[in-house]
Amino acid sequence: MTSDPTTAVRAPGPVSQMTLIRAPFFHTPSSPFSDARALVCHEDGGLLIQHGLIVASGDYTTVRADAPADARTLDWRGGVVLPGLVDTHVHYPQLRIIGGLGRTLLDWLEHVALPEEARMADEIYAAATARAFVKALLSHGTTTAMVFGAHFSFATASLFEAAAAAGLRMASGLVVSDRGLRPELRQSPQEAYRASTDLIRRFHGRARLLYAVTPRFALSTSEAMLEVCQTLVGEHAGLRVQTHINEQPDEIAEVRRLFPWAKDYLHVYERYDLDGARSVMAHNVHVSDAELERMASARTAVAHCPCSNAALGSGIFPLRRHVDAGVPCALGTDIGGGTGFGMLKEGLQAYLMQRVTSEGMRLTPAHLLYLATRAGAEAMGLAGEAGDLRPGRSADFVHIQPPSDHPLAAVLERANSTGDVLAAIVTLAGAESVAEVRVQGDVVYRHPMRVLEGG
């Protein structure tokens, strides 16, 4: 762990619009998997914000000395500031089915997830779910998310509208499938192309929104539908791609049956140019060495969802093999297969699962912070915009300050080092400890108790 020198960039506009935040803060401008000094901490830190950007970042005394005299100062000592959390895999239609335990993936899909996703055909229900979903993300400190939309165009539009209204940074898209699911969740390739093109026109690049082409998984997409996905990516600049891969053995066996020409699961997506640096594939628990080699070469990212992997019995993610191969990895909550919206909890679960396997990696708090923040921004192609607290980045951050009677507050009082502080936050901080969340400098969430107290 290191404390970097104060750095700054010049921002346009009147100095009176600057805000200076004084608080301890942590971030990982580089990867702890390759840089032992990746974790940066300022115990008395300063972040100078102007026009939604961080323009100076470092020790408070230095930042204060260089800041204009009339900069508005917010004193957040007593809490900690972290970069905004980045969730790289989550399903908005599954908000109301969290906690469906005791099933395998395909059984859970048939009896729990897909019946709820069919309810998104009700426009009022879908819009209410979208608003509640976005609020849940923000209240847990998530400022950026890669989200599976719905199988219905209007329901996916409701999600984009809710995210734009709330200020969430999000990539999402219509979930396209034409086989293997309930009939009401299928579209023809032609319908999927028309609906996706309309959504791209309406939302891609608007506010803080990006469009992600979203084939649910190879089981539910024919070759004709995958060709539609390939066409969409080719026709529109800057689109992302998201899907599932290698989650459970029975899923992999069915992919092998449906695509007998494919040498493995990844090959299905490769044939249609759906891999690469713009793509995030969830799970990848049961992956071959050949697939890892090709993913690393193409810079295809993996969303590791440890709570979901445990809840659905998928297995323990081979993190060491991914890291050794050079495959980019980040974290996702995988609601509703996962167990909640807390990205810090996903980090803790990743730590715990790696501890109980002989092939696991010994993760530090720095690794967990990186996986929950900058790694996600890298996976989504947003590393130059979000994920850490360096000057020039968007002012996306979360203020962690537990209630005075919360166990985290008691632990922090006795913490002997900055590493202990971060470890305690990862272990104990939930939504109750998220005091305020900002995206591009805008307050997008403030804890209700802070509002009542005038904080």
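## Buried cysteines

A residue is called buried when its relative accessible area is under 20%, exposed when over 50%, and partly exposed in between (1.4 Å probe, protein chains only). Cys229 has 1% relative accessibility, so Cys229 counts as buried. Cys329 is buried too, with a relative accessible area of 9%.

The structure is a predicted model, in which local features need pLDDT of at least 70 and side-chain atom pairs count only at pLDDT 80 or more, while totals for chains, interfaces and linings use all residues. Residues are numbered from 1 along each chain as its sequence is written, and side-chain values use heavy atoms, leaving out hydrogens and water.

## Looking for disulfides

How many disulfides (pairs of cysteine sulfur atoms within 2.5 Å) does a search of the whole structure find? The search finds zero. For Cys229, the nearest cysteine sulfur belongs to Cys305, 20 Å away. For Cys329, the nearest cysteine sulfur is also that of Cys305, 11 Å away.

## Two helices side by side

Now to a pair of helices (DSSP runs of H or I, at least four residues, numbered from the N terminus). The axes, lines fitted to C-alpha atoms over the stretch in contact, of helix 5 (residues 189–203) and helix 6 (residues 223–235) come within 9 Å and cross at roughly 25°. Helix 5 and helix 6 are therefore roughly parallel (an angle under 35 degrees) to each other.

Which residues of helix 5 meet helix 6? In contact (heavy atoms within 4.5 Å), Pro189, Ala192, Tyr193, Ser196, Thr197 and Ile200 in helix 5 meet residues of helix 6 including Val228 and Leu232.

Note on methods
A disulfide is a pair of cysteine sulfur atoms within 2.5 Å. Axes are lines fitted to C-alpha atoms, for helices over the stretch in contact, and angles run from 0 to 180 degrees between N-to-C directions. Angles under 35 degrees count as roughly parallel, over 145 as roughly antiparallel, 65 to 115 as roughly perpendicular and the rest as oblique.
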